[in-house]
Amino acid sequence: MKYLFACLLCCFVLGLAPLSAQTLPPNMLADTAHAPFLHGVASFDPTPDHVIVWTKVDPGPSIAPITLTWELFADAALTQLISSGTAVADQPTDWTAKYDVSLPNAGTFYWYRWQDGQGNVSVVGRTK
């Protein structure tokens, strides 16, 4: 306990780190390019004709549910839309959304992404 207090006191006196702010290591930057999709995307539980796509959003100060749109594409350039739909992220689900997507062909790569109502887009995921 004495060591922790001494470290905090030293940082405060020297001004090396504000006590109330969260800081990242010097080689790590917060990625806000895809906000509010700060946790990325994932796909899991594949079967020959289905896969679950997932994301988590940062709701900011709001506690209202957020309707998200998922899109499934046949190509990495995202020009051949196969299907799309919606899912809701809310407080009871810890701001996560998932959807069981039908896949037209087994053993084929597909690309997917999520969007919110303000036009913000997640990173693109790939699944098979």
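I count a contact when heavy atoms come within 4.5 Å. With that set, I looked up Val 53, which touches Ala 42, Ser 43, Trp 70, Ala 97, Lys 98, Tyr 99, Val 101, Tyr 112 and Trp 114, leaving aside residues up to four places away in sequence.

**Ground rules.** This is a predicted model, where local features need pLDDT of at least 70, side-chain atom pairs count only at pLDDT 80 or more, and totals for chains, interfaces and linings use all residues. Residues are numbered from 1 along each chain as its sequence is written, and side-chain values use heavy atoms, with hydrogens and water left out.

**Confidence.** I checked pLDDT, the predictor's confidence in each residue from 0 to 100. The protein averages 84, and 77% of the residues score at least 70. Over residues 1–22 pLDDT stays under 50, and the model has four contacts beyond four places in sequence for that stretch. Where pLDDT is low, predicted coordinates should not be read in detail.

**Layout.** I took helices (H or I, at least four residues) and strands (E, at least two) as DSSP runs, numbered from the N terminus. That gives one helix and seven strands, in the pattern α-β-β-β-β-β-β-β along the sequence. Among contacts between residues at least 6 apart in sequence, 50% join residues at least 24 apart.

**Surface.** I used Shrake-Rupley accessible areas with a 1.4 Å probe; for residues, only the protein chains shown count as cover. The accessible surface comes to about 8,500 Å², with 60% of it on carbon and sulfur atoms. Buried means under 20% relative accessible area, exposed over 50%, and partly exposed in between (1.4 Å probe, protein chains only). By that rule 29% of the 128 residues are buried.

**Core.** A nonpolar core is a set of buried Ala, Val, Leu, Ile, Met, Phe, Trp, Tyr and Cys residues joined through side-chain atoms within 4.5 Å. The largest one has 18 residues, and Val 53, Val 57, Leu 68, Leu 72, Val 101 and Trp 114 have the most contacts inside it. Strand 2 (50–56), strand 3 (66–73), strand 4 (81–89), strand 5 (96–102) and strand 6 (110–115) each give two or more residues. Strand 3 gives the most, with four.

**Strand 2 and its sheet.** Why is strand 2 largely enclosed by the rest of the structure? Five of its seven residues are buried. I called two strands paired if DSSP finds at least two bridges between them. Strand 1 (residues 41–44) pairs with strand 2 in the antiparallel sense over four bridges, with Phe 44 opposite Ile 52. Strand 5 also runs antiparallel to strand 2, joined by seven bridges; there Lys 56 has Thr 96 as its bridge partner, and His 50 stands opposite Ser 102.

- The peptide bond from Ala 35 to Pro 36 is cis, with omega near 5 degrees; Pro 36 is in the loop between helix 1 (2–14) and strand 1.
- Asp 45 sits in the turn of the hairpin formed by strand 1 and strand 2, which has five residues between the strands, and its phi is positive, about 50 degrees. At 53% relative accessibility, Asp 45 counts as exposed.
- Asp 94, in the loop between strand 4 and strand 5, has a positive phi of about 55 degrees although it is not a glycine. Asp 94 is partly exposed at 43%.
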